[in-house]
Amino acid sequence: SDHMENIYGYLMKYTNLVTGWQYRFFVLNNDAGLLEYFVNEQSRHLKPRGTLQLAGAVISPSDEDSHTFTVNAASGEQYKLRATDAKERQHWVSRLQICTQHHTEAIGKNNPPLKSRSFSLASQGSANSPGVQRRLSQNAVSFFNVGHHRLPTGKRVPIMQPDHLVDVREMMSQAEGQQRDLIRSIECLPVSGHLTSLDQDLLMLKATSMATMNCLNDCFHILQLQHASQQKGSLPAGTTISWLEPKISLANHFKNGAAQNFPAEINKPAAVREEQSIAEPCQLTREPEEINPDEELEDVCDDKEDDLGAVEEQRSVILHLLSQLKLGMDLTRVVLPTFILEKRSLLEMYADFMSHPDLFIAITNGTTPEERMIRFVEYYLTSFHEGRKGAIAKKPYNPIIGETFHCSWRMPKSEVTTDAGSNFSAHSPSEQVTLSKDLEGQRELDYYTVKFVAEQVSHHPPVSGFYAECAERKMCVNAHVWTKSKFLGMSIGVTMVGEGLLSLLEHGEEYTFSLPCAYARSILTVPWVELGGKVNINCVKTGYSASINFHTKPFYGGKLHRVTGEVKQNTTNTVVCRVQGEWNSVLEFTYSNGETKYVDLTKLSVTRKRVRPLEKQGPFESRRLWQHVTESLRDGDIDKATEHKRALEERQRNEERLRAETETPWSTKYFLKEGDGWVYHKPLWKTVSAAQTQQTDTN
């Protein structure tokens, strides 16, 4: 076939974080079923720098962009490659897939019939016996060493008979039964003593045995597809094999000790069909929408995440997941179980950092630069505890690209800390004229309004932008955050890459700040959240800065959630305030004049945000977008929640694939790319500046 010719050319290959991407010369050897690469074309006659067996490999176009793709060999080795454009990527991917399919099918045809392998776990004794392990390793060797064999032209191979698949299903049923017996035996062990049910080696044995069974079921699924293709001649166009979810219903895996058969295709609920049929975001209006705060109602939703029931019931799934992860592995593309999810989007979690709008507004009321910096530090340190919904660490939904979240807060003016001479009414007449008519009407009200908007501006990498403003007090904050998560063994670490900017326009001051890392600890027992790392707050104009350390708990002794920090004047290097305590409990501020102030976060009043009802929200606003997942989680229906979540994620992948094929760039709605960051399209500093310019022209 003309599709089976050897192809070669330069591709970029990702090596590691230090070296990054490098150009290498690649050769697809169709006869041998190999993908080889060399330093350059001139060294092609030398030994390849690397070689991948394509038999059993998976070739995957990447979601990152239209140029990148990965080659995942059956041995576990992976090449991450990048072509010069989408057309070249498609050329390589299609040729690699054809070669892979050809040599994968050759394995099944060359191997002896399955029935001749009289292998039964039930009759061979312990799965850990040397004999069984030797046979398993021999079968693996026979699988991976056939890549160089070529089928004689025109040779016909007998089609696999259906009874072979029945035999395989029987053996797997026996293996599943033994695996369930193993799990029960471990779980029946005492919780204390020499050998307990919580022994780390036994927990890992449970996890790996579960992973093995699911891998076998995935392989059986492929065998079924191959059998169908042999009968029909080839796989139907567009057929894909999903590796994301196990074929056994994990939730029911241990119920009653009965072997689970493969479920038939389940009719998708109407809500899932609705989620899959929502028009692509770029086809909807991408024009920014002005949200009227009067349409928003005080939020009555209060989903505390203190229920450990689902986590305990699904512990086997957690072990199964852990068995597939490696230390330091990037979890951005790992599909996590639905039952560990919070009932809200990450974009809404960012909004909860503004749950003390009185402290936020009070920043600009400080009479001196020193006082304003200290007030910002106070607000900053009190913003994290409300971001956690309960004591149990759960993960918010990963926002879909184009997803947005809007809300606002109303803060009675009488409850905002003020200082003599700093009241808003003290502004000069010329400053007051610069305010819009809307603000003039708002001045008559007895409350301040803080508006908030967040948008998921990028999918790979996952970047969120959020913006909040109190127009009446001429202050706003703009931030962008890239969440990078890694597996750390018995915990998960999340680095918040990005920067925030607080603007106090009436003082002409800008404060830059960063965010701490977050850790989900004890993910096998009772998961909890810990913050860690050093963050800095800096105001160039005033010369004041703050350094804050979030301390992680030492292995032995030490306190949880400890935080320390200091505010100083950079010019004189004088410390004007020190802070210590716990970021979710009590904070102690000690000032240069010797005074001490305590802030008990457990008694700090929380102002409820105001959100539009679901029926008034757009289809890509967080609560409406995830409403079916949230409702299913509230009802405790994990399977249904998983189905809705999968539908949303699949739609996002399809849309991204379509944009790559049509070379259509993604267009954001509220945030614009500026350098390495993202800025709200209509920040207050532009609005006020334009109004002041207009006033000057009028005068």
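In this predicted model, the second largest cavity is lined by Glu 296, by the run Thr 404, Phe 405 and His 406, by Val 611, Arg 612 and Gln 617, and by Glu 621, Ser 622 and Arg 623. When the lining is traced back to the helices and strands, two elements each give two or more residues to the second largest cavity, namely β11 (404-412) and α13 (622-625). Of these, β11 provides the largest share, with 3 residues. Sorted by class, the lining of the second largest cavity has 4 charged and 4 polar residues, together with 2 nonpolar ones.

Rolling a probe the size of a water molecule over the atoms shows where empty space is left. The structure holds 3 cavities of 30 Å³ or more, and the largest cavity contains about 180 Å³ of space. The largest cavity is lined by 14 residues, and the ones closest to its centre are Phe 353, Tyr 379, Ser 383, Phe 466 and Phe 513.

Which helix gives the largest share of the lining of the largest cavity? That helix is α10, which spans residues 369-382 and supplies 3 residues to the lining.

Key
Residues are numbered from 1 along each chain as its sequence is written. This is a predicted model: local features need pLDDT of at least 70, side-chain atom pairs count only at pLDDT 80 or more; totals for chains, interfaces and linings use all residues. Side-chain values use heavy atoms; hydrogens and water are left out. On a 1 Å grid over the protein atoms alone, a cavity is a set of points where a 1.4 Å probe fits but cannot get out, and a pocket is an open set with protein on both sides within 12 Å along at least five of seven lines; lining residues have an atom within 4 Å of a point. Grid points are joined across faces, edges and corners, and a volume is the space filled by probe spheres set on the points. Helices (H or I, at least four residues) and strands (E, at least two) are DSSP runs, numbered from the N terminus. Ala, Val, Leu, Ile, Met, Phe, Trp, Tyr, Cys and Pro count as nonpolar, Asp, Glu, Lys and Arg as charged, and the others, Gly among them, as polar.
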